[in-house]
Amino acid sequence: MAASSIARVFEHQALVYRRTLRGSLFSSFLNPVLYLAAMGVGLGMFVDRAAAAGAAGNPALGGVTYLQYLAPGLLAATVMQSAALESTHPIMGGIVYHRIYYAMIATPISARDIALGTLAWITARLTMIAVIFAVVVLAFGAAPSAGLLLAAIPVAVLTGMAFAAPIVAFAATQRNGEAFPAVFRFITTPLFLLSGTFFPLDGLPAPVQAAAWLSPLWHGIALARSIAFGAVGSNPGLALDHLAVLLLFAGGGTWLAVRNLQRRLVK
Amino acid sequence: MAQPSAASAADVPSLIHARGLTKRFGSFMAVDGIDFDVAPGESFGFLGPNGAGKTSTMRMIGAVSPVSAGTLRILGMDPGRDGARIRARLGVVPQQDNLDVDLTLRENLIVYGRYFDIPWAEGARRADELLDFAQLADRRDTQVESLSGGMKRRLTIARAMINQPDVLLLDEPTTGLDPQARHILWDRLYGLKQRGVTLVLTTHYMDEAQQLCDRLVVMDKGRIVAEGSPNSLIAQYTTREVTELRFPVGTQAAALPTLEGLADRIEVLPDRVLMYAEDGEVVAEGVHARGLHPETVLVRRSTLEDVFLRLTGRSLID
């Protein structure tokens, strides 16, 4: 009963999404093309030249080119940004703008089904975005191993859910969308720039590295990168730590999202 | 407190049964211990001003709002335990539209049917039928955004019928609609009533209650203050006719003593005086015979508005 109700919520989202499918897929494709071209190829040329990188890659980046270094981190970071977008205004739409959630709870669907069905849909959306991103990376020839890059996709999606679930929980408490720009400005954008997406944090002062531990994105990027470069085996304990942090945020966020949406809709 | 008729409660198992039904929000009593029964096939109304507790009552009946105290049984089930099973057999038309503006009319109905586990093909078949019924068939593939307010309401009613509900709950179905749209909607609801659908509705329009309800309760401040059919309530609480007098601004107070004894009962409102009597024309003649010259004199039949005024001392819509 509950599982089929969650599937109905998912189905509804898919039907609505179908209307914007083409535009959405195009921008999911364009975004990595632009970033990889500008940052990976353009900026990467200078980075690699300055580090006197040879055919064996950039020694400062563990022997890969800057483009190769950037790709898995940017994959996780891009999925995270999409996660934040999918978890803010669409939730507000259901509660306040179009009130569709209220139409749903008048049927056998419960608030819990709505929360879980919506998170399941966001997971599917992020998977689409991550797959398209990976295809673009491969087209740029920016992955040492195609198989390993594909293996990093679930980590990128999990990283996205580590943000999506808590943000959905937050959105469920909001009266309008006024607080969302602050979420982007003070949380997702700084993390996107400072969680090791564009440069390694190894050389930075110890307090900065300690702070990075608090960022689920840093864990997601570190894990995605070590999978994509086949380096998990060198420190499996650390990989498990990263995974645990991501699961904690995604799982705790899901629990909060269910609770907050129930409180919001059932009065 | 009004007594639900003992005979109907005993003979026919009621679809909705409430005793001491209460809803509290913090220290605020939205619904304060009300009793009522709704029989199968009946059109039952909650009449009252804004804030009377009608919507809170409807949300409890809809099994989306937990009961604070008292007993509530819907289709013989307890909403606290069997919420999803109850909701599977209800149709709900909320006060505020919550249609899916991104989808077409037809998709709205089919997707809503999916929430009841109605297969896509069967949902499509029912959607076409219901769009015919709602007189929206020619717009079935347009997006909801382009509809007028009255059309949206009709679509919402069609949507509420997709699961062939035992009870249709309508919370202020025509609030905010223009008179023509209201009449079309009433006509559609009357059609459902003819088909034997049980209607439960709230309204603050007395003409709506008179048109649609077999029986109604008048609510004020969370309590039921009267119960009966529209005609029996009028017979019980007011006279057959009313004479409305409007005096030139500032002269009403001076005229009041002269009016005494002309009618069975007199209600003084800020802008007019209502004189209740069996024959309104006699009252009007009496007013002129006493040398008073109101700006306007209107003789009309009593309505539920007069019942409400009598019971609470206030107008339904201020």
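Predicted model: local features only at pLDDT ≥ 70, side-chain atom pairs only at ≥ 80, totals over all residues.
Angles under 35 degrees count as roughly parallel. The crossing of α3(A) past α7(A) is right-handed.

Which residues meet here, in α3(A) and in α7(A)? From α3(A) come A:Pro72, A:Leu75, A:Ala76, A:Val79, A:Met80, A:Ser82, A:Ala83, A:Ala84 and A:Glu86. They meet A:Leu149, A:Ala152, A:Val155, A:Ala156, A:Val157, A:Thr159, A:Gly160, A:Met161, A:Phe163, A:Ala164 and A:Ile167 of α7(A). By class, the contact of α3(A) with α7(A) holds 16 nonpolar, 3 polar and 1 charged residues.

Now turn to another helix pair in chain A. Helix α2 (residues 21–50) and helix α6 (residues 111–139) of chain A have axes that come within 9 Å and cross at roughly 45°. α2(A) and α6(A) are therefore oblique to each other. α2(A) passes α6(A) in a right-handed crossing. On the α2(A) side, the contact is made by A:Leu25, A:Ser28, A:Phe29, A:Pro32, A:Val33 and A:Leu36. On the α6(A) side, it is made by A:Met128, A:Ile129, A:Ile132, A:Phe133, A:Val136 and A:Val137. Of the residues in the contact of α2(A) with α6(A), 11 are nonpolar, 1 is polar and none is charged.

One further helix of chain A deserves a stop. A:Leu243 sits in helix α11 (residues 236–265) of chain A. Is A:Leu243 buried or exposed, or in between? It has 15 C-beta neighbours inside 10 Å, so A:Leu243 counts as partly exposed. A:Leu243 and A:Ala106 are 137 residues apart along the chain, and their C-alpha atoms are separated by 38 Å.

Next comes the interface. Here 21 residues of chain A are in contact with 21 residues of chain B. On the chain A side, the elements that give two or more residues are α1 (2–18) and α5 (100–105). The largest share of that side, 6 residues, comes from α1(A). The chain A side divides into 11 nonpolar, 5 polar and 5 charged residues.

Chain B has 12 helices and 13 strands. Its C-alpha trace spans about 75 × 45 × 40 Å along the principal axes. Of its 318 residues, 46% are buried. Among contacts in chain B with a separation of 6 or more, 70% join residues 24 or more positions apart.

Within chain B, 6 strands form an open sheet. Their order is β5-β6-β7-β3-β8-β9, and the pairing is mixed. β5 and β9 (223–228) of chain B stand at the edges, each with a single partner strand, so one side of each has no neighbour in the sheet. On average, neighbouring strands of this sheet are turned by 15° against each other, direction ignored.

Follow the sheet from β5(B). Strand β5 (residues 90–93) of chain B is joined to β6(B) by 4 bridges, and the two run parallel. B:Val93 stands opposite B:Leu170 in β6(B). On to the next pair: 5 bridges join β6(B) to strand β7 (residues 198–203) of chain B, again running parallel. There B:Val167 stands opposite B:Thr198 in β7(B).

Why is β6(B) described as largely enclosed by the rest of the structure? Strand β6 (residues 167–171) of chain B has 5 of its 5 residues buried, so it is largely enclosed in this way. B:Val167, B:Leu169 and B:Asp171 point one way from β6(B). B:Leu168 and B:Leu170 point the other way, and all of these residues are buried.

Strand β8 (residues 215–220) of chain B and β9(B) pair in the antiparallel sense over 5 bridges. B:Asp220 stands opposite B:Arg223 in β9(B). A helix also lies across this part of the sheet. Helix α12 (residues 304–312) of chain B lies across β3 (43–47), β8 and β9 of chain B. α12(B) runs at about 40° to β8(B).

Note on methods. Residues numbered from 1 in each chain as written. Chains lettered and ligands numbered in written order. Axes fitted to C-alpha atoms, helices over the stretch in contact; angles between N-to-C directions. Parallel < 35°, antiparallel > 145°, perpendicular 65-115°, else oblique. Left-handed = near helix turned anticlockwise from the far one by under 90°. Contact = placed C-beta atoms within 7 Å. Nonpolar A, V, L, I, M, F, W, Y, C, P; charged D, E, K, R; others polar. Buried ≥ 20, exposed ≤ 12 C-beta atoms within 10 Å, placed from the backbone. Pairing = 2+ DSSP bridges.
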